[in-house]
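Here is a friendly walk through one model, with the cut-offs given as each term comes up. Have the viewer ready.

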Amino acid sequence: MDDEDPEDMDDSSGEEPEDDEEDGPKGKLNDRQKMLYDHYEMIVEEFGMFDQSAKGNGAHYAPAKLNPFVKEGMVCSNCVFFVGGQGCEIVKGIIEPNAICKLWIIPENLITIKK
Ligand code: SF4
């Protein structure tokens with residue numbers, strides 16, 4: 001007799017933690033950066049992605065050739081919003097891995113600037 005309880009086979013508890021913060025890029029941020037991350041996400045949800053301009057809706061994006069902080073690790077490819085290739089979660093357009101913008105959120109361990 002097979003009296004396997006179907007509930008034992010159900011591996012969904014119904015309370016799946018939505019919180020993958022510790023595994024994702026956000027897990028490497030300090031508390032201030034985590035809050036900043038949440039706020040940028042909310043802003044983009046409400047108003048759409050930032051453009052690359054230095055205006056009110058812009059991220060003041062600086063392409064790689066104008067980024068003076070490449071050696072210090074302040075680059076898009078270290079930013080939690082970089083999605084690989086040439087994309088960003090919150091800034092429109094082509095995003096170079098060695099570029100930077102004013103919205104950067106980079107884990108402290110990837111920045112080598114002393115102060
Ligand atoms: S620094 Fe971050 S937020 Fe800014 S364009 Fe690069 S990947 Fe996007």
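## Around the ligand

Of the 15 residues around the ligand, those that come nearest are Cys 76, Cys 79, Cys 88, Cys 101 and Trp 104. A residue is near a molecule if its C-beta atom, placed from the backbone, lies within 6 Å of it. The shell divides into 15 nonpolar residues, no polar and no charged. Here Ala, Val, Leu, Ile, Met, Phe, Trp, Tyr, Cys and Pro count as nonpolar, Asp, Glu, Lys and Arg as charged, and the others, Gly among them, as polar.

Residues are numbered from 1 along each chain as its sequence is written.

The mean pLDDT (the predictor's confidence in each residue, from 0 to 100) is 86 for the chain, and 80% of the residues reach 70 or more. Over residues 6-19, pLDDT stays under 50. Where pLDDT is low, the predicted coordinates should not be read in detail.

## Fold and core

The chain has two helices and two strands, in the order α-α-β-β along the sequence. These are DSSP runs, numbered from the N terminus: helices are H or I with at least four residues, strands E with at least two.

The largest nonpolar core has 17 residues, of which Cys 76, Cys 88 and Val 91 touch the most other members. Such a core is a set of buried Ala, Val, Leu, Ile, Met, Phe, Trp, Tyr and Cys residues joined through C-beta atoms within 7 Å. A residue is buried with 20 or more other C-beta atoms within 10 Å of its own, exposed with 12 or fewer, and partly exposed in between, the C-beta atoms being placed from the backbone. Leaving aside neighbours within four places in sequence, Cys 88 is in contact with Cys 76, Phe 81, Phe 82, Val 83 and Ile 95. Contact means C-beta atoms, placed from the backbone, within 7 Å.

Glu 96 lies in the segment after S2 and counts as partly exposed because it has 16 C-beta neighbours inside 10 Å. Beyond four places in sequence, Glu 96 is in contact with Pro 63, Ala 64, Cys 76 and Gln 86.

His 60 sits in the loop between helix H2 (31-47) and strand S1 (82-84). Although not a glycine, His 60 has a positive phi of about 50°.

Conventions
This is a predicted model: local features need pLDDT of at least 70, side-chain atom pairs count only at pLDDT 80 or more; totals for chains, interfaces and linings use all residues. Two residues are in contact if their C-beta atoms, placed from the backbone, lie within 7 Å.
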